[in-house]
Amino acid sequence: MKYTAVYVLWLLVLFLVPLSIVVLFSFLEPRVHGGVLWSFSLRSYSYLPQYLRLIWRSAWIAGVSTILTLVLALPVAFYISKSGHKNFLLLLVVVPFWTNSLIRIYAWRVILGNNGVINQFLNRFGLEPVQFLYNPFAVILVIVYTYLPFAILPLFSSMEKVDESILEAALDLGANKREVFVKVLLPNVKAGLLSAFVFVFIPALGSYAIPDLVGGLNSKMIGNEIARQLLIVKNWPVASAMSNLLIVVSLVGILLIMRREKMK
Amino acid sequence: MKKSLILLLTILLTFSAFGRATLYIYSWAGYVPEEIIRDFEKKFNCRVIYDTYASNEEMYAKIKAGKGKGYDVIFPSGDHVSIMIKEGLLQKIDHSKIPNFKYLDKEILNKTTFDPKHEYSVPYMMGATVVVVNKKYVKNYEKSWSIFERKDLKGKMTLLDDMREVLGAALKYLGYSVNTRNLKELEEAKKVVLRWKENILKFDSSSYADGVVTGEYWVVHGYAEDVYQRIPKGEEKNFDFFIPKEGGTLWIDSMVIPKGAANVDLAHKFINFILDPKNAARIADYLGLPSPNVEARKYMKTKPIYSFEDLLKCELIEDLGEFLEVYNRIWQEIIM
């Protein structure tokens, strides 16, 4: 009971209070050099339609990244759940987190840059350099790389719970391997898939550093615009309104998970 | 490994320095040389904490949110000095405590339109935003903003991800003021930037310096001292820094004391220490920039990247208040 109180206080002070400030500020008027005027206004939300293109771009980049991440994570999680070295393999999945994510993003620049390792290799064979980076696809690649562990872990935990005999039964009853995977395994790990989807899609949608570092002229995402509105334009209400948009998307995701849990 | 060692050392030092006065500085990364800070600590038997920011905006957001508390000396650029004065975040400088102020160049003191009487700010460094060329890849070029029109360098160039700097460059290229309030001029500048946008790889303020030094980018728009410090020894001749012939934007970074400073007296001592000609010379040598301190120029050992005279054709970016909204709109039309 004592511990619950600490936990509640933690959530209240470090989560609920800042969140309420963001929600509150989005309904106020901006001041010229940052800060807010204490008068109610919906003006910041009226700005949002201007950003349809940006929102759409963020959504498709995050969506494509999430699907790719799930497609890659499924076989990995399956393999680990059936392996005899589970703990070791799980450790390997988590190891990249020991390095700061910014450094890992920079590493991609070293590998794929115009003057990077691969292009220097191509150059040695007299081939023209390829511009891998500074476009939305580079952003997708690095998002997939960064968030892959977030998809593997929940998928692993739900696959571990799947009784192996169900899969064997399906095989015995004449299903081929593909059918076992699609018709038996996938429906049984739906909950894991959903959590993996939410764990990847929500942070991907709010990406900031990845599009900034490996993106180019047309790969800015909503996170970059929030930072720009807050810092450069100094329009705190608009920045808050855009953050709220992201919060609403996350909430919908979390509600989806919770509803599923209840149905079970 | 190195990081954790530094961390350990910091913790040790923190304990050993218990009881001494502490000066909290908030400045650009690598802007004040380590030795200067260490000498100051020794001379005044105090401890200095040096926190860094990457942009004026980042600094301002933090100071504004903390209502000017937490730091004793900050190094904002001119437009942000005037914003911070207007927002009441700064306190007046006591000039009787800064006798070394007399060494500062009158020409620079006349340019600080953001605080003409230096009631709140003391200039630290000044410079121009420049174009840096990696000469290994680009041999022939004209020292003009028109370099960004060159189709043959498409995809090899970057402009700063900074509205005032980029629009300022385009305005200068057209022969207008970087602080124009004329809509027609701004629309023309927008067309220029849209043309440049066709040729650049991206708007980049965070990694252009590494980029041009490693050859990832060939031509970048940015701050000379950022690039200068990253060039490996012996490769200096491969890089050219130029202020375009049309002129460009000028920046003046000043030292200010925020309202909520805890150690005002030590802050004044620090500012005075920086203005000591011998120290000012070491700082200018370290940054590769001309010194605003007339007396310091005698002690300088290196030739700055550009001369003081070059700076005179550049124009200071001033705070435009409400009119900034027009700049914001135009910039948004460019980047979206």
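The side chains of B:Arg230 and B:Asp210 meet in a salt bridge, at 3.3 Å from N to O. A salt bridge here is a side-chain nitrogen of Lys or Arg within 4 Å of a carboxyl oxygen of Asp or Glu. This pair links distant parts of the chain, 20 residues apart: B:Arg230 sits in the loop between helix 9 and strand 8 of chain B, and B:Asp210 in helix 8 (residues 208-214) of chain B. Helices (H or I, at least four residues) and strands (E, at least two) are DSSP runs, numbered from the N terminus.

This is a predicted model, where local features need pLDDT of at least 70, side-chain atom pairs count only at pLDDT 80 or more, and totals for chains, interfaces and linings use all residues. Residues are numbered from 1 along each chain as its sequence is written, chains are lettered from A and ligands numbered from 1 in the order in which they are written, and side-chain values use heavy atoms, with hydrogens and water left out.

Are the two partners buried or exposed, or in between? B:Arg230 is partly exposed, with a relative accessible area of 39%, and B:Asp210 is partly exposed at 34%. Buried means under 20% relative accessible area, exposed over 50%, and partly exposed in between, with a 1.4 Å probe and protein chains only.

Next, B:Lys136 and B:Glu235, which form a salt bridge at 3.8 Å, N to O. B:Lys136 lies in the loop between strand 4 (121-134) and strand 5 (157-159) of chain B, and B:Glu235 in the loop between helix 9 (224-228) and strand 8 (239-242) of chain B, so the pair ties together parts 99 residues apart in sequence.

A further salt bridge joins B:Glu333 and B:Lys190, with the closest N and O atoms 2.8 Å apart. B:Glu333 is in helix 12 (residues 324-335) and B:Lys190 in helix 7 (residues 183-199) of chain B, 143 residues apart. B:Glu333 is partly exposed at 35%, whereas B:Lys190 is buried at 16%.

Now the core. The largest nonpolar core has 133 residues, and B:Phe75 and B:Tyr124 have the most contacts inside it. Such a core is a set of buried Ala, Val, Leu, Ile, Met, Phe, Trp, Tyr and Cys residues joined through side-chain atoms within 4.5 Å. Helix 7 (residues 136-161) of chain A gives the most to this core, with 12 residues.

Last, helix 6 (residues 163-173) of chain B is mostly covered, with 10 of its 11 residues buried. After this helix comes B:Gly175, whose phi is positive, near 90 degrees.
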